[in-house]
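Reader: Could we go through this structure together, one topic at a time?

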Amino acid sequence: MARTAPRICPLCEATCGLTLTIEGTTVTGARGDRDDIFSRGFICPKGASFGELDADPDRLRLPLVRAYGPDGSRGELREASWQEAYDLIAARLRPLAEEHGPDSVGVVLGNPNVHTVAGALYPPLLLGALRTRNLFTASTVDQMPKHVSSGLLFGDPFAIPVPDLDRTDHLLLLGANPLESNGSLCTAPDFPGKLRALRKRGGTLTVVDPRRTRTARLADRHLAIRPGTDALLLAAIAHVLFEEKLTDPGPLAELAEGIDELREAVRDFTAEAVAPACDLTAEDIRALARELAEAPTAAVYGRIGSCTVEHGTLASWLVDVLNILTGNLDRPGGALFPLSATDRAPRPPGPGKGFALGRWASRVAGHPEVKGELPLAALAEEIETPGEGRIRALIALAANPVLSAPDGDRLDRALAGLDFMVSVDPYLNETSRHADVVLPPPPPAQSAHFDFAFNGFAVHNQVRYTRAAVPLEQGRLDESEIHARLILAVSGAHGADPATVDDLAIGRELGKAVADPGAPVHGRDPGELAALLTGESGPERRLDLKLRLGPYGDGFRTGTAGASGGTAGAGGGTAGMDAGTAGLGLARLLAHPHGIDLGPLRPRLPGPLRTRSGRIELLPAPIAADLPRLRAALAGRPAGLVLVGRRHLRSNNSWMHNVPALNGGSNRCTLQIHPEDAARIGLHDGDLARITADGGALEAPVEITDAVRTGVVSLPHGWGHDRPGTRTSVARTRPGVNVNQLLDGSRLDPLSGTAVLNGFPVELAPAIPAAPGAR
């Protein structure tokens, strides 16, 4: 008989609640959960296709291991037992690291890791076991500029304020298309509905984007900026605020240092100087500044279109600078810092450790480390270039850098030359096809879900947890156990009980907590506290621990993890918390399958500050040092065409193109071009165009549309599913082309190491038809 089960959707950052319909062990339907305390029944096409994705026949069921010839030559991948797979990892990877050093092993973390419990809990333990400095993640092809700017401004790269969408009167949105993306670094189910509600209550929505996106069509004002000039525009707005005496930081004036220095730093970025570079008018820029300053409340929000450009960190910094100058940072209706249930409990304000860049550098090109990571664009050269410290083995966790990093062809060749490679991935895709061992996690319906990452970016404080909706299929391993066994295999403890990994993590976290004079468990016995943890598995016990030590937790003052409520503020709760949100733990969370409302975002400063000064540092030295590069861009006028990416509602990077319901319709890999540019070049709708840039050339079908401004063409990312040796049958029927192949990896934002994926120059021409009989 059919039954239903709640499930948090893991397919994008909106984290909507779903109600799954299940027959036996098969998900036969998915609808929005109207009782979910956060999403209130909202669902998008990705969530509606949950069952189809869950049952994808191309998902791997068993591990794959590579056969080797008598001479050590690499053969084909074949199915194997879990034991054989981990035996091979232990036999090959650890000896290699011992012989060549820990940096001979690289780790790549892909975007799906932030959508799973295992992806949040285990990679730090794996990195600790390997002791490698060669970590590469999707952050440096996405949001790393925001981490850097927040680290420099506030001392914590994860202290990222989000717009208070439900209460703001004015939203200035740059380089974001939430009607397609569902939001990013701003976790907001039904983002479209929130924007419509903003306008319905008399608020103003301004969108700055070179394309007339679905979001731009909803706006009161759309400014079609020249791609890559967002930082110039924001600097000019700051200049106008100073020039016209419109700055009003309010209480932030007592917390911020460097306002006078900031005024001088933006002196050259007048509206008149910036307007030609941005292809806007000076009056447009002044109007933006005045409206921002005059609105009762306002928020500036920038995302991937303003991050993955040559001045991405400066643009991200200026977003928060404008929120500060107008007094809208850390106030209702402005931009506030969420407080996740698994965040650290609030501590007394004061100086922190601060945030440093470049603690080490990459071996070949000398790229500075950022947040413990190196640029993904540098991975190929770190594998290819001989010498001490060369990456000889790679562990890829839910990562497909052949499609997501610049110059995938080069990386494809580099991966083929590794001595050993492990992929944790449900698919044999463009990257995992190179692995010697592929470890496939189970489908999402067979996994528990908690949003460790995205709750920290949520526009409303809440906490939700769903256990697996169907039992783990026979012969599969839970994703957490897959990671735990991998950690044991690389650390010399192969064959030990995987539960020891969680026990070790719990012991370490409790050891730090009891040694911390500011923690509610200071001085207590870690073993006694560990015995109080509840949960059916190691990951659940670790979640219980984080909840109980978090800002809403019971601080282990009761043995039942707050099952019956608790006292407001127990465990170091934040000011303004009511009794209904205190005393949180796993037991209480399980009693609320649709989540617990922890209240609207509240002002938190100076609590989140971790700078050495204990203040907001408005003009950090690395930012000041990069401003001359932005000044030089005032004279820049890129010739010809520049390319930008675009998002699709029915897609998420490269990992959903194998679902029939999501592959088709508007989700197409076409080159969008304005009619005037198409006529000038001699292109017609449906023609093949040849696109050439630093990294090579591609051919893609033309889509003529005035939704993209003149001088700009647009090609979506995540495509290019035509390489041999993959097992994604649906994606291969409509492979598209890999837009990142147009890049050679040399264009990076220097402060963050983020690849410039938007606003780079391209040349365009009609594709030359192949000769009859040619391939």
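Author: The answers below take up the basis of the model, its cores, selected residues, cysteines, rings and backbone.

Reader: What kind of model is this, and which pLDDT limits apply?
Author: This is a predicted model, in which local features need pLDDT of at least 70 and side-chain atom pairs count only at pLDDT 80 or more, while totals for chains, interfaces and linings use all residues. Residues are numbered from 1 along each chain as its sequence is written, and side-chain values use heavy atoms, with hydrogens and water left out.

Reader: Which residues touch the most other members in the largest nonpolar core?
Author: That core has 68 residues, and Leu 232, Leu 233, Ile 237, Trp 317, Leu 329, Ile 616 and Leu 618 touch the most other members. A nonpolar core here is a set of buried Ala, Val, Leu, Ile, Met, Phe, Trp, Tyr and Cys residues joined through side-chain atoms within 4.5 Å. Buried means under 20% relative accessible area, exposed over 50%, and partly exposed in between, with a 1.4 Å probe and protein chains only.

Reader: Which elements each supply at least two residues of this core?
Author: Among them are helix H6 (144-154), strand E9 (170-174), helix H10 (230-243), helix H12 (271-278) and helix H13 (282-294). The largest share, 11 residues, comes from H10. Helices (H or I, at least four residues) and strands (E, at least two) are DSSP runs, numbered from the N terminus.

Reader: What does Ile 237 touch?
Author: Not counting residues up to four places away in sequence, Ile 237 touches Leu 172, Ile 285, Leu 288, Ala 289, Leu 292 and Leu 322. Contact means heavy atoms within 4.5 Å.

Reader: Where does Glu 617 lie, and what does its side chain contact?
Author: Glu 617 lies in strand E20 (residues 616-617). Its side chain makes a polar contact with the side chain of Ser 613, at 2.8 Å. A polar contact is a pair of N or O atoms within 3.5 Å; within protein, one must be able to donate a hydrogen and the other to accept it, and residues adjacent in sequence count only if both atoms are side-chain atoms. Not counting residues up to four places away in sequence, Glu 617 touches Leu 152, Leu 153, Glu 257, Thr 611 and Arg 612.

Reader: Is Ser 714 buried or exposed?
Author: Ser 714 is buried, with a relative accessible area of 0%. Ser 714 is found in strand E25 (residues 712-714), and its side chain reaches the backbone oxygen of Gly 645 at 3.4 Å. Its contacts beyond four places in sequence include Arg 211, Thr 670 and Gln 672.

Reader: Changing topic, how many disulfides are there?
Author: The count comes to zero disulfides, a disulfide being a pair of cysteine sulfur atoms within 2.5 Å.

Reader: Which charged ends sit over tyrosine rings?
Author: The charged end of Arg 59 sits over the ring of Tyr 427, 5.9 Å from its centre, and that of Arg 542 sits over the ring of Tyr 122, 5.0 Å from its centre. A charge sits over a ring if NZ of Lys or CZ of Arg is within 6 Å of the ring centre and within 35 degrees of the ring normal.

Reader: What about the backbone: which peptide bond is cis?
Author: The bond from Leu 605 to Pro 606 is cis, with omega near 10 degrees. Pro 606 lies in the loop between strand E19 (596-600) and E20. Most residues other than glycine have a negative phi, and most peptide bonds are trans.

Reader: Where is Thr 15 found, and what is its phi?
Author: Thr 15 is found in the loop between strand E1 (2-8) and strand E2 (17-23). Its phi is positive, near 55 degrees, and Thr 15 is buried, with a relative accessible area of 1%.
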